Every structure is written in C-alpha cells, then in structure tokens.
Amino acid sequence: MTASPSISLVAAVYNKPENLRLVIAAVARQSFTDFELIVADDGSGPAIADVITSARARFPYPITHLWHEDMGWRKNTMLNNAIRAAQGEHIVFIDGDCL
C-alpha cells in the first residue's frame, strides 16, 4: 500500500486538449513531487482522454481522469466529485488553462 500524497491537484477542464497538455507538462517540471493530479472533466470529447492516456505513460505521478456526460455547465458538480476522489492531505484547484 502506498502512502497518500501530500497534495491533490485538481485541474478543471473542458474540451481544450492542448491546454491540458501544457498543464501536465508544467506540473511535471515541479521540484515538489508528492502529489496526484485529478483531471475534473466537465464532459469533454475523447481528445482529453487521449492526452491523459499519453501522459500516464510518460510521467511518474498518478493521474486520475473524472468525467461526466456533457449536459451543460456542471463544473462545480465535477469539482465536488474530485474532492471525493482526492487522496491528498490538501487539495489545490486550478483551471485547465493555468500554468
């Protein structure tokens, strides 16, 4: 059993795979490594899932992809789901275009 990470970094995203690629790359450059990344996806198409699959193969930190069907703006619902999924001692929220 692995220990829980210190930080759960929650990135809210919607249909901007290139932005998510940049966020994931920026996170990978941090000197602090005791974190997990939770991608809180408010109903994006398959391109976001493709970015996450690729990133999981390239980066050592855990990446969780939470998704629900696109039924309009339900970002806050997805953020609540991310809170429930978080394993870290602390939760940090960013939007999917924050580097």
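Two strands count as paired here if DSSP finds at least two bridges between them. Keep that in mind for the close-ups below, which all come from a predicted model.

**View 1. Strands β1 and β4, side by side.** Leu 9 has Val 92 as its bridge partner in β4. Strand β1 covers residues 7-13, and its parallel pairing with β4 runs over 6 bridges. As for what holds such partners together, strands of a sheet pair through backbone hydrogen bonds, either parallel or antiparallel.

**View 2. The whole sheet, strand by strand.** Here we have an open sheet of 4 strands, paired in parallel and ordered β3-β2-β1-β4. The edges belong to β3 (63-67) and β4; each has a single partner strand, so one side of each goes without a neighbour in the sheet. Going from one strand to the next, the twist averages 20 degrees.

**View 3. Two helices lying across the strands.** Helix α1 (residues 17-28) lies across β1, β2 (35-41) and β4, and runs at about 170 degrees to β2. Helix α3 (residues 75-85) lies across β1, β2, β3 and β4, this time at about 150 degrees to β2.

View 4. Phe 93 sits in strand β4, which spans residues 90-95.

Notes: Residues are numbered from 1 along each chain as its sequence is written. This is a predicted model: local features need pLDDT of at least 70, side-chain atom pairs count only at pLDDT 80 or more; totals for chains, interfaces and linings use all residues. Side-chain values use heavy atoms; hydrogens and water are left out. Axes are lines fitted to C-alpha atoms, for helices over the stretch in contact, and angles run from 0 to 180 degrees between N-to-C directions. Contact means heavy atoms within 4.5 Å.
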